[in-house]
Protein chains: 4
Amino acid sequence: MIIVMQPGAPELEIERISDELRTWGLHPEKIVGQYKVIIGLVGETAGLLPERIQELSPWIDEVVRVEQPFKRVSREFRHGQPGEVTIDTPNGAVVFGEQHPLVVVAGPCSVENEQMIIETALRVKQAGAKFLRGGAYKPRTSPYAFQGHGESALELLAAARAASGLGIITEVMDTADIEKIAQVADVLQLGARNMQNFALLKKIGAQNKPVLLKRGMAATIEEWLMAAEYILAGGNPNVILCERGIRTFDSRYTRNTLDLSVIPVLRKLTHLPIMIDPSHGTGKSDYVPAMAMAAVAAGTDSLMIEVHPNPAKALSDGPQSLTPERFDRLMRSELAVIAQAVGRWPQVAVGV
Amino acid sequence: MIIVMQPGAPELEIERISDELRTWGLHPEKIVGQYKVIIGLVGETAGLLPERIQELSPWIDEVVRVEQPFKRVSREFRHGQPGEVTIDTPNGAVVFGEQHPLVVVAGPCSVENEQMIIETALRVKQAGAKFLRGGAYKPRTSPYAFQGHGESALELLAAARAASGLGIITEVMDTADIEKIAQVADVLQLGARNMQNFALLKKIGAQNKPVLLKRGMAATIEEWLMAAEYILAGGNPNVILCERGIRTFDSRYTRNTLDLSVIPVLRKLTHLPIMIDPSHGTGKSDYVPAMAMAAVAAGTDSLMIEVHPNPAKALSDGPQSLTPERFDRLMRSELAVIAQAVGRWPQVAVGV
Amino acid sequence: MIIVMQPGAPELEIERISDELRTWGLHPEKIVGQYKVIIGLVGETAGLLPERIQELSPWIDEVVRVEQPFKRVSREFRHGQPGEVTIDTPNGAVVFGEQHPLVVVAGPCSVENEQMIIETALRVKQAGAKFLRGGAYKPRTSPYAFQGHGESALELLAAARAASGLGIITEVMDTADIEKIAQVADVLQLGARNMQNFALLKKIGAQNKPVLLKRGMAATIEEWLMAAEYILAGGNPNVILCERGIRTFDSRYTRNTLDLSVIPVLRKLTHLPIMIDPSHGTGKSDYVPAMAMAAVAAGTDSLMIEVHPNPAKALSDGPQSLTPERFDRLMRSELAVIAQAVGRWPQVAVGV
Amino acid sequence: MIIVMQPGAPELEIERISDELRTWGLHPEKIVGQYKVIIGLVGETAGLLPERIQELSPWIDEVVRVEQPFKRVSREFRHGQPGEVTIDTPNGAVVFGEQHPLVVVAGPCSVENEQMIIETALRVKQAGAKFLRGGAYKPRTSPYAFQGHGESALELLAAARAASGLGIITEVMDTADIEKIAQVADVLQLGARNMQNFALLKKIGAQNKPVLLKRGMAATIEEWLMAAEYILAGGNPNVILCERGIRTFDSRYTRNTLDLSVIPVLRKLTHLPIMIDPSHGTGKSDYVPAMAMAAVAAGTDSLMIEVHPNPAKALSDGPQSLTPERFDRLMRSELAVIAQAVGRWPQVAVGV
């Protein structure tokens, strides 16, 4: 349930209402929008009559029941206003959100060594990326496959961050690792296979680094939003949703089926920013540019693209990685023209 | 197997080689490309040595085995050259193909009455559509649902064609109906549920109207191309492939999952033109514009969009139909900017 | 909507009520159950008040609305009573239904030559099968694959029928072929790829041979029942539903995923008899016996099992065919013990 | 790669060979089968010639390469011999394996209070169950749903164990909880949503309680076996595989699609014991008996069935829980007859 306050409602009145609601056993959350303040209510509201709340104050404009099973992540919970997630990086704050330019995250599947990660960071930064991705802990189907370099890779990510000024996004796979990863990462990634790892969702919700929540391979949109709800319910409002392809009956030519329709669907359902990962989504570098362009045209707020200095020799996911040269071209000509066409390119590029 | 002829190979030599191959029990097909002529070979070629063919003539440049199970529809069968499908309409010839402007097909799910179909035809033509879609025979899950007006609807389509000059695309559901539908339609649509109706594929391959082949709800890309192969093997080379959403585990917010990755995948595998139907693909009119824009950015050759003068009162598929006003806006501002950005808009629109 | 008559309701009264309802624009159908007569009502019943019908006669026990979208096939339409389908074969009438012994259908994927089909017919008859399956017209993914011997295969099926006394089940793929196939077949099979070929469903509903309706590869249970509804609505009540595996994300070890849960689900929803095809369902002969046993334990009314005298040389579907010897063993020891345990074996076998 | 020793090979020779192989950087594992000893080899064996190993000793019968990506769990790794998992419970040792009687696990979805869990334990024990299931930590889609009573529920499970003598199976969701759960549980359950939680798999592989590994909702059989491989590679050989229904396109009538074909498929691929969970598999108590019977007929080694004293008031999964009375009947008449028919019932029941 949400309480929409009238414009100009005094701060004191908002606090008074919130205090009163706490005595009813509810958890009010103040959301400051562009024009008005909303009080979001979570708790046992099913039996509560909106009229009873309305009577609490003449400054209350309306009381609306959130019909979705997801509350804090729902668009209704912000009375239709878009949200945004702001992340501080050495190069400055970067904002993810539908009223902001496209943010591009790039980098290798896994951190292999110092030279490759720093080289890649500098290359993708130059091409326009704002974040470096790179796995230290890797979820691998086989116990005999390369599992990531772990802690030592975290140090290399820190070095790449220092060298490039890019923000760092890397995956957390175990509740026991959150703290040490959070010392290096600017965004904690929760991977597809862990989307319903509820222990991890709860602990990640209880700390304050922003979170990139990938959609599970066979997760419905509702389950995905409920997973995000775990994080917001834990107290962490900074969640970005990342579509990375779902599992369907056909994996002959693509590794997964990239579900771009989540872009308009999520836009209606939630205020959280959206990211698309065409690298995992297709599993083949040849198909990445077309799907990246499509994602931007459909309105994504950000893209995650795998780039490796030498895809043929990558320790993991080589076939879906772009070379730095191909990534340059994607950014400079393909994405720039589409993002400009929809008004989401960082600046008007000259001479494109 | 294909035989690539050297540039300038004499016509007589090509005929001589073809005649020789016929005596071997093979079916040679001459394909005239931009720079060279290819002879496509279908038949029992598995045991045939390329060298034996090579010896037939010094004008033969190379002999290449087509590795795919689909032959005539494969890109290899044209030695990598794109194909195109040209369709004569009262307003002139329209070409579908990757080196041509985007072609938009629009219209209602089903033909309801004369006024609505003619009005819709005129409206979508004005907005830039080149073809009118409209069902006379409708595949419906329930025997008690509206089944289309059948033959009388064909007459109304003929009237709409005459009034607007648009080409007509309408669905064939039974081998017995092909002839009468072909008298009105410029393109015969073979629907998703009939994609593996092999009796229909064979008969449609044996007549000469161009065919729009929709992907089956759970058809792999390979099965889809094999279905197209039936039509080409029957003698009809004019096939357009239309993606309309596949069935996945989630249909809570969208009716199907529109698989836009088919665009780059098909581009590699086949020379046939590609169409995307975001109306069936999403099942909700709200999501159609974003997915139409995405499809154009990803490189589709054409779009099929449901438009109905009064979606709320449509006899079928109302929720996924755009109003004519919304369609106007989609064409004028949304699709125009994306299609211009990728160089696929019919003409440079002034003042967009 | 259904009208349940009181036991002993006079025939004349039932006719009077039916006549009256016809004047209301409805289509009453008399269903004679074990203890009472039901009048099924199809047509525009949505706005009809049960009370108004109740007033028609004191012999009416109750009037019940059928809540499912499928009417004639629903269990409610028979007021919970199971249906049965009786088929005359040269060896006598065979009844498919939950209160009858298990019926086994066996034979090759396709009819290859006279010797193989007659030999197979005699072998499977001896093992206890009541019907011979065998394709004359084959739905094949590739136009270059063996398409079945067509009409000449129909003659061979007729010969096998004469030689063995078994009933014949064979597939119809085109409305144009129904008549000639119906001259030979005792049951017309409508294959998975044609489950929503509505033209074929309508024409098959308009003739009187019993129908085996296979579930489409990605058809929901509701769509499957609606397809059956087309046939019953056309006037043909003799439909058997056959599950043959659905398409899922995993086809590495099995060709399809055999969905045995349809057995208890269909039992609740419909009065139509159920058949399970573990051969297509798994695609591997090794897995057929276990799944056949499971199907019987779960309550199937019949089984369809592919048997070929020489699976390694079969023109189609060899890997999923049992040898006659393996089929003998399956019938004699594996199926017999399970079917006896659940009270569905034809007779108490001696010495098993 | 595996080394099959000749019958009667001296213990000392086996050790000598193993020591030698360790010097090659490999990890030999001795597997004592019914008739012979096998040495399983894990490590960099790809470049190793079987001949080189063969030369190590005349007592070596043959050296076979394991072709599957999964090694220790593969059937080949035991040279085709079935494995078994023996678990000590207060009532004695229980063996899971294809050469042993059916083992039934029963109990509520979650532990609600002392009375209900003890009552249920005593009831299901009396009916023939050997293990009590019951969740202390529950994976729930919504953060606002009942999450299990956690540690206090573990104490209640201990009390139920003491009262009934049944073994306890309960779920672990976080690496941090393993130790305390292992103090109470006889088997640690790894749930479907955590099947690819690799951090958890590794830590569960490093401790010695037996593990019940549920198949992920959209996990392929190969991924499932690779997840089990993580546990065996960690040093814990006692893994039972549990199918609990997969996610498909149809969830209208069943919650998941129970994939019973895994029974014959796993039998070929692995030596690990198999469990089927028809409660989650169907999601509706009405369908549980038919699918449980089917699973036994297909050859499952064990069943997991949800039983709740009052399903209508269950805090979770009520609709799929049987009442104790229905469970009694299932065990006494339905499962007994099928399990006896296939020779898997604990003892010959008198008078069934």
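I'll start with one pair in chain D: Asp259(D) and Arg215(D) form a salt bridge, with their closest N and O atoms 3.0 Å apart. By salt bridge I mean a side-chain nitrogen of Lys or Arg within 4 Å of a carboxyl oxygen of Asp or Glu. Asp259(D) sits in the loop between strand S12 (239–243) and helix H8 (262–269) of chain D, and Arg215(D) in the loop between strand S11 (211–214) and H7 of chain D, so the pair ties together parts that are 44 residues apart in sequence. Helices (H or I, at least four residues) and strands (E, at least two) are DSSP runs, numbered from the N terminus. Both Asp259(D) and Arg215(D) are buried. Buried is under 20% relative accessible area, exposed is over 50%, and partly exposed is in between, with a 1.4 Å probe and protein chains only.

Some housekeeping. This is a predicted model, where local features need pLDDT of at least 70 and side-chain atom pairs count only at pLDDT 80 or more, while totals for chains, interfaces and linings use all residues. Residues are numbered from 1 along each chain as its sequence is written, chains are lettered from A and ligands numbered from 1 in the order in which they are written, and side-chain values use heavy atoms, with hydrogens and water left out.

Next, the interface of chains D and A. Here 32 residues of chain D are in contact with 32 residues of chain A, contact being heavy atoms within 4.5 Å. The two chains bury about 2,600 Å² between them, 53% of it on carbon and sulfur atoms. Buried area is the accessible area (1.4 Å probe) lost by two parts on being put together, summed over both. Of the area that chain D buries against chain A, Thr141(D), Tyr144(D) and Arg247(D) supply 22%, more than any other three residues.

The interface has 4 salt bridges. In one of them, Asp174(A) meets Lys203(D) at 2.8 Å, N to O. Lys203(A) and Asp174(D) also meet in a salt bridge, at 2.8 Å, N to O. That pair runs from helix H6 of chain A to the loop between strand S9 (167–171) and helix H5 (178–182) of chain D. Lys203(A) is partly exposed, at 38% relative accessible area, whereas Asp174(D) is buried, at 6%.

On the side of chain D that touches chain A, the elements giving two or more residues are helix H6 (198–205) and helix H7 (221–233) of chain D. H7(D) gives the largest share, 5 residues.

Now the H7 helix of chain A. What does H7(A) pack against? Its buried residues pack against helix H6 (198–205), strand S11 (211–214), strand S12 (239–243) and helix H8 (262–269) of chain A. H7(A) is mostly covered, with 11 of its 13 residues buried, including Trp224(A) and Tyr230(A). Just after H7(A), Gly235(A) takes a positive phi of about 115 degrees.

Last, salt bridges elsewhere. Over all chains the count is 96. In chain A, Arg75(A), Glu98(A), Arg267(A), Asp301(A) and Arg344(A) are linked in a network of them.
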